[in-house]
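User: Hi! Could you walk me through this model? I'd like to start with one residue and then zoom out.

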Amino acid sequence: MIAVRDNRDRTAFAALFDHFAPRLKGFIMRSGTSAPQAEEIVQDVMLTIWRKAALFDPHRAQVSAWIYQIARNRQIDIIRKENRPMPEELKEEPGAEPDASQILGVQQEAGQLREALAALKPDQREMIEKAYLGELTHREISVQTGLPLGTIKSRIRLGLERLRHELKDLQQ
């Protein structure tokens, strides 16, 4: 790991990959993740290790502990992203076309949502758009913006509370 960190040594990284990839896959699959998804997570973890090798400090953790922590965090991010509540789809009868009042209602609700989003503070709106429209995890937003994870979570929470308040009439 030191050779990867200090010299960007590809041979050393290949050895790390060969050693840890099968172990990480097994570790991830034991928690109930499917084999294809576990392979994706392992690939993502190994890419993260390559990119963030400079952050490794042998005085703070062993290589294996550092790598398994990255894997665990990535797996949690994916689980959270999959469990994120998605808006319910409109259920329609086959062959039934929505009438004008339904179309108008949906358009009005969409307009109210746009207005409520526009009324948010720019930093809150940006975080909500990245999380819900861009489908990014909080950690991905943090990496992308350079902001602390707690700041991201606070802005999303405050923005959603304000949206909930602004759109309370739609819930009835």
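User: Is Ser-142 buried or exposed?

Analyst: Ser-142 is buried, because its relative accessible area is 14%, and buried means under 20%, exposed over 50% and partly exposed in between, using a 1.4 Å probe and protein chains only. One thing to keep in mind is that this is a predicted model, where local features need pLDDT of at least 70, side-chain atom pairs count only at pLDDT 80 or more, and totals for chains, interfaces and linings use all residues. Also, residues are numbered from 1 along each chain as its sequence is written, and side-chain values use heavy atoms, with hydrogens and water left out.

User: Thanks! Which helix is Ser-142 in, and what does it touch?

Analyst: Ser-142 sits in helix α7. Helices are DSSP runs of H or I with at least four residues, strands are E runs of at least two, and both are numbered from the N terminus. Setting aside residues up to four places away in sequence, Ser-142 touches Leu-147, Pro-148, Leu-149 and Ile-152, where contact means heavy atoms within 4.5 Å.

User: What about α8, then: which of its residues are buried?

Analyst: Ile-152, Ile-156, Gly-159 and Leu-163 are the buried residues of α8. They line one face of the helix, since they fall within an arc of 70° when seen down the axis of α8; the arc is that of the directions from the helix axis to the C-beta atoms. These buried residues pack against α5 (100-119), α6 (122-133) and α7 (138-145).

User: And how about α6, which residues are buried there?

Analyst: In α6 the buried ones are Gln-124, Met-127, Ile-128, Lys-130 and Ala-131. They are on the same side of α6, because they cover an arc of only 165° around the axis. Pro-122 and Leu-133, on the other side of α6, are exposed. The cover over the buried residues of α6 includes α5, α7 and α8. Just after α6, Glu-135 takes a positive phi of about 55°.

User: Switching topic: what does the chain look like overall?

Analyst: The chain has eight helices and zero strands. Of its 172 residues, 26% count as buried.

User: Which residues touch the most other members of the largest nonpolar core?

Analyst: Those are Met-1, Leu-24, Val-45, Ile-49, Trp-66 and Ile-67, out of 22 residues in the largest nonpolar core. A nonpolar core is a set of buried Ala, Val, Leu, Ile, Met, Phe, Trp, Tyr and Cys residues joined through side-chain atoms within 4.5 Å. α2 (10-29), α3 (35-51) and α4 (63-82) each supply at least two residues of this core, and the largest share, seven residues, comes from α3.

User: Last one: which helix gives the largest share of the lining of the second largest pocket?

Analyst: That is α4, with six residues. The lining has 19 residues, and the closest to the pocket's centre are Thr-48, Lys-52, Ile-70, Arg-139 and Val-143. On a 1 Å grid over the protein atoms alone, a pocket is an open set of points where a 1.4 Å probe fits, with protein on both sides within 12 Å along at least five of seven lines; lining residues have an atom within 4 Å of a point.
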